[in-house]
Amino acid sequence: MPMLEALQSRDELNPVIKTRVEKACALLEEGVNLYPNNFSRDTDIQEIWDQFGESEAEDLESVEQVFTVAGRVVAWRSFGKVTFFQIQDRSGRIQVYAARDDLGAEPYKLFKKCDVGDVVGVSGTLFRTKTGELTLSARDCRLITKSLRPLPEKYHGLKDVEIRYRQRYVDLIVTPRTREIFQKRTRIIRGLRNYMDARGFMEVETPMMQPIPGGATAKPFETHHNALDMKLYMRIAPELYLKRLLVGGLEQVYEINRNFRNEGISTRHNPEFTMMEFYWAYATFEDLMDLTEDMLSTVALDVCGSCLVEYQGETIDLTPGKWTRMTFHDSLEKIGGVAPEVYSDYEQCQALVKQKGEKVVEGEKLGKLQAKLFDLLVEPKLVQPHFIYHYPTDISPLSRRNEQNPDLTDRFELFMTGREMANAFSELNDPTDQRQRFEEQVKEKEAGDEEAHFMDEDYVRALEYGMPPAAGQGVGIDRLVMLLTDSASIREVILFPLLRPEAGAGGA
RNA sequence: GGGCCGUUAACUCAGUUGGUAGAGUAUCUGCCUUUUAAGCAGAGAGUCAUUGGUUCGAGCCCAAUACGGCCCA
């Protein structure tokens with residue numbers, strides 16, 4: 001019996017696991033399959049609650065239906081000849097009553113070798129206990145999957161965030177909030193898809209491995225394709241490919257997927273993160289502000305039941321019409337307290353950046369200095385939704401210039417809870433201007449800016465065929481999920497956030 | 001990259017002035033046919049993150065390292 005021998009050879013493990021292994025061995029010797037695959041359930045636990053959650057004890061007595069459910073044992077209270085336990089499936093929990101006299105002496109004895117953590121299947125009828133709890137009275141209990149490791153303590157749960165992230169499977173078993181967050185995450189993404197689909201946008205997939213990483217200001221991950229012997233980059237954004245599709249005539253496209261940026265890790269940054277990007281021909285950045293208010297408030301209403309969202313002790317009001325719209329320069333003056341004569345003067349701007357403790361880089365443009373002031377003085381104060389628009393042209397290499405002032409672009413960023421949630425603009429579709437902007441970026445890259453854009457000749461060629469005027473936007477999905485689930489860290493909303501390798505875990 | 005904090009039983013946590021390691025849960029044994037963090041009685045369980053140092057003596061003091069958390073860049 002190889003499984004038995006394999007289990008018995010594990011007795012170097014800690015005593016709790018050792019006893020569980022011994023129980024498993026005892027079951028094997030009784031001829032019990034520890035991992036059978038022939039159990040069918042006929043209902044979810046939640047369905048039982050939906051149907052009988054309100055039923056009186058007397059009414060349940062007349063219900064002769066036998067329900068068969070399966071799930072993980074999460075609580076166990078045994079009295080000798082009778083045992084109460086709780087099982088949990090994806091939909092909820094229910095108590096089971098198992099009595100020796102109902103199951104038979106031998107089956108009951110075997111079943112009592114089960115532990116908290118095992119997956120079991122139960123068939124039985126419903127009743128209410130003396131204290132009124134809806135309970136399944138078992139006619140049959142079967143082990144479906146043996147668990148060899150103990151679950152965390154049931155009352156306090158799993159507190160150690162490192163274990164919660166490294167062993168997310170355990171976290172999902174024992175932390176209801178974790179399950180809620182990821183269920184909500186799925187609903188949020190589905191809500192966005194439904195919204196876009198209903199407005200005629202077409203979902204597409206564009207390359208994640210790109211020979212020229214474009215569409216954002218960020219440092220890419222590099223990789224190598226062996227057969228073609230070529231350097232490839234993990235995408236930092238899908239933007240330039242999605243806009244090629246506008247040239248191709250698809251007119252309204254969106255993509256929800258991962259981007260990769262080789263930057264620091266923090267409560268707001270994971271190296272891989274999820275964005276929704278979309279492009280809309282014949283629309284402008286002003287249309288996008290309207291759409292964004294409507295879209296995000298719709299999703300909030302769907303997922304949270306309200307446009308008023310609690311985030312870390314603050315109430316964020318997403319009601320359409322209440323979102324502030326302000327120009328970048330006005331925000332520097334009115335929120336950041338920087339006078340126009342200061343932010344529009346290179347020397348004064350540079351001095352103020354230094355004074356605020358931020359580094360200045362030789363040769364950087366005025367727009368970049370203003371952006372640093374914005375990050376320091378304005379962004380943290382933007383708690384309620386704010387569209388900040390008309391960004392400087394020299395930090396917006398893919399945006400259309402404003403008709404009145406070519407030093408500004410028809411671009412906005414959306415801020416709330418003191419952080420950026422979305423970035424959008426009317427698209428630059430003049431190939432000559434685009435080529436010049438790329439050339440500026442190349443100069444900055446050559447001067448040592450690792451985040452500056454690459455030249456993308458094919459993208460310029462595409463624009464030369466003619467891209468209709470359009471507006472496009474990127475929405476940070478992880479940050480949106482953080483907002484709508486009141487999560488303080490991005491790691492709470494990513495199933496498997498990147499962590500350093502665990503010591504001695506064999507690279508797991 | 002910098003600063004601060006943390007790492008003690010499977011889990012949640014105590015651990016005084018430096019004097020040979022504690023609780024609850026879980027586990028094991030016994031009792032128990034309506035429990036709800038079930039109860040009662042008993043038992044076992046630890047490389048105090050790692051390495052080095054100071055000391056007669058270190059979970060505690062010092063240093064370095066690893067991993068994590070928060071803040072800053």
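**View 1. The largest nonpolar core of the predicted model.** The largest nonpolar core has 72 residues, and those that touch the most other members are Phe285, Leu373, Phe412, Ala470, Ala471, Leu480 and Leu484. A nonpolar core is here a set of buried Ala, Val, Leu, Ile, Met, Phe, Trp, Tyr and Cys residues joined through C-beta atoms within 7 Å, where a residue is buried if 20 or more other C-beta atoms lie within 10 Å of its own, exposed if 12 or fewer, and partly exposed in between, with C-beta atoms placed from the backbone. Helix 11 (residues 285-304) gives the most to this core, with eight residues; helices (H or I, at least four residues) and strands (E, at least two) are DSSP runs numbered from the N terminus. This is a predicted model, in which local features need pLDDT of at least 70 and side-chain atom pairs count only at pLDDT 80 or more, while totals for chains, interfaces and linings use all residues. Residues are numbered from 1 along each chain as its sequence is written, and chains are lettered from A and ligands numbered from 1 in the order in which they are written.

**View 2. The surroundings of Ala471.** Leaving aside neighbours within four places in sequence, Ala471 is in contact (C-beta atoms, placed from the backbone, within 7 Å) with residues including Trp280, Phe285, Leu288, Phe425 and Glu427.

View 3. Strand 8 is joined to strand 9 (residues 230-234) by four bridges, and Glu222 has Tyr233, in strand 9, as its bridge partner.

**View 4. His224 in strand 8.** His224, which is found in strand 8, is exposed, with 9 other C-beta atoms within 10 Å. Not counting residues up to four places away in sequence, His224 touches Lys231 and Leu232.

**View 5. The surface near RNA strand B.** RNA strand B is surrounded by 47 residues, of which the closest are Gly80, Thr129, Lys130, Glu153 and Arg500; a residue is near a molecule or strand if its C-beta atom, placed from the backbone, lies within 6 Å of it. Strand 1 gives the most to this surface, with four residues.

How values were computed: Two residues are in contact if their C-beta atoms, placed from the backbone, lie within 7 Å. Two strands pair if DSSP finds at least two bridges between them.
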